[in-house]
Amino acid sequence: MTKIHVAIAILYQDGKFLCQLRDDIPHIRYPGHWALFGGHLEPGETAEVAVLRELSEEIGYAPASVSFFCCDVEKDVVRHVFHSQLSADVKDLVLLEGWDMKLLTPEQIRAGKCYSEQSRDVRPFGMAHQRILLNFMESI
C-alpha cells in the first residue's frame, strides 16, 4: 500500500491550540471534523517546507520556524507533525481553507468535540488529530 505523506502543524498560544474545522465534503479525510492545519507533501518537498507552505495557503500565516514533534502513522497516512508558537492574533489570520478555525483549550481537545460558530453546532475531532494533540500536551 502506498503511503500518503502529509505535514501538519500544532500552533499554540496562551495554552490553547489553533484548529481547523475541515470542509464538510465527503471525499476528504475527516470531513466536518476539527483537525490541525496542513496538507500533502509535493514531489521533492521536505515535510518542513510543506508545513510552512500549507500554513501560508490555508491561513495566510507561517511562523519563522517550526520544530519537529513526531511522525504519526495511521494505515495509509504518514503525518509529519511540527509545532510552533502562534505569534499572530487569530483575528488577523485569514481562513483560506476549511469552514472555521479557533484556538481550542486542552479541555475541549480532551472532550473530543467543540462548538463552531460557523456551522452553529458541535463538531467532533478527527481521531488522529485529537490523539496527536493529546500526546503533544502530555509532552510539554
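Predicted model: local features only at pLDDT ≥ 70, side-chain atom pairs only at ≥ 80, totals over all residues.
How much space lies in the largest pocket? The largest pocket holds about 460 Å³ of space.

**The largest pocket**

- The lining of the largest pocket is made up of 21 residues. Those closest to the centre of the pocket are Val6, Arg22, Arg29, Gly39 and His40.
- Two or more lining residues come from each of the elements β1 (4–13), β4 (37–40), α1 (47–59) and β6.
- Sorted by class, the lining comprises eight nonpolar, six polar and seven charged residues.

**Aromatic pairs**

- A pair of aromatic rings is described by two quantities, the distance of the centres and the angle of the planes.
- The whole structure contains five aromatic pairs. One of them joins Phe17 and Phe136, whose ring centres are 6.2 Å apart and whose planes stand at 90°. Planes over 60 degrees apart count as edge-to-face, and therefore the pair of Phe17 and Phe136 is edge-to-face.
- Phe17 belongs to strand β2 (residues 16–21), whereas Phe136 belongs to helix α3 (residues 127–139). The pair therefore ties together parts that are 119 residues apart in sequence.
- Are Phe17 and Phe136 buried or exposed? A residue is buried when its relative accessible area is under 20%. Phe17 has a relative accessibility of 3% and so counts as buried. Phe136 also counts as buried, because its relative accessibility is 3%.
- Phe68 and Phe82 form an aromatic pair that is edge-to-face, with 5.6 Å from centre to centre and 75° between the planes.
- Phe68 lies in strand β5 (residues 67–74) and Phe82 in strand β6 (residues 77–85), so this pair ties together parts that are 14 residues apart in sequence. Phe82 has a relative accessibility of 5% and therefore counts as buried.
- Which residues form one aromatic cluster? The cluster consists of Tyr12, Phe17, Phe69 and Phe136.

**Strands β2 and β7**

- In which sense do β2 and β7 pair? The two strands pair in the antiparallel sense, over five bridges.
- Within this arrangement, Phe17 stands opposite Leu104 in β7.
- Strand β7 (residues 100–104) is mostly covered, since four of its five residues are buried.

**Residues with a positive phi**

- Tyr30 has a phi near 55°, which is a positive value in a residue other than glycine. Tyr30 is located in the loop between β2 and β3 (34–35). With a relative accessible area of 16%, Tyr30 is buried, because the cut-off for buried is under 20%.
- Lys75 has a phi near 50°, again a positive value in a residue other than glycine. Lys75 is placed in the loop between β5 and β6.
- Is Lys75 buried or exposed? A residue is exposed when its relative accessible area is over 50%. Lys75 has a relative accessibility of 67% and therefore counts as exposed.

**Annotated domain**

- UniProt, in an unreviewed entry, lists residues 1–128 as "domain: Nudix hydrolase".
- In the model, the end C-alpha atoms of residues 1–128 lie 19 Å apart. This span is 16% helix and 41% strand.

Definitions and conventions:
Residues numbered from 1 in each chain as written. Heavy atoms only, no water. Phe/Tyr/Trp six-rings, centres within 6.5 Å; stacked < 30°, edge-to-face > 60°. Buried < 20%, exposed > 50% of the residue type's maximum accessible area, 1.4 Å probe, protein only. 1 Å grid on protein atoms, 1.4 Å probe; cavity = no way out; pocket = protein on both sides within 12 Å on 5 of 7 lines; lining within 4 Å. Points joined across faces, edges and corners; volume = space filled by probe spheres on them. Nonpolar A, V, L, I, M, F, W, Y, C, P; charged D, E, K, R; others polar. Pairing = 2+ DSSP bridges. UniProt positions renumbered as here; feature names shortened; annotations may be inferred.
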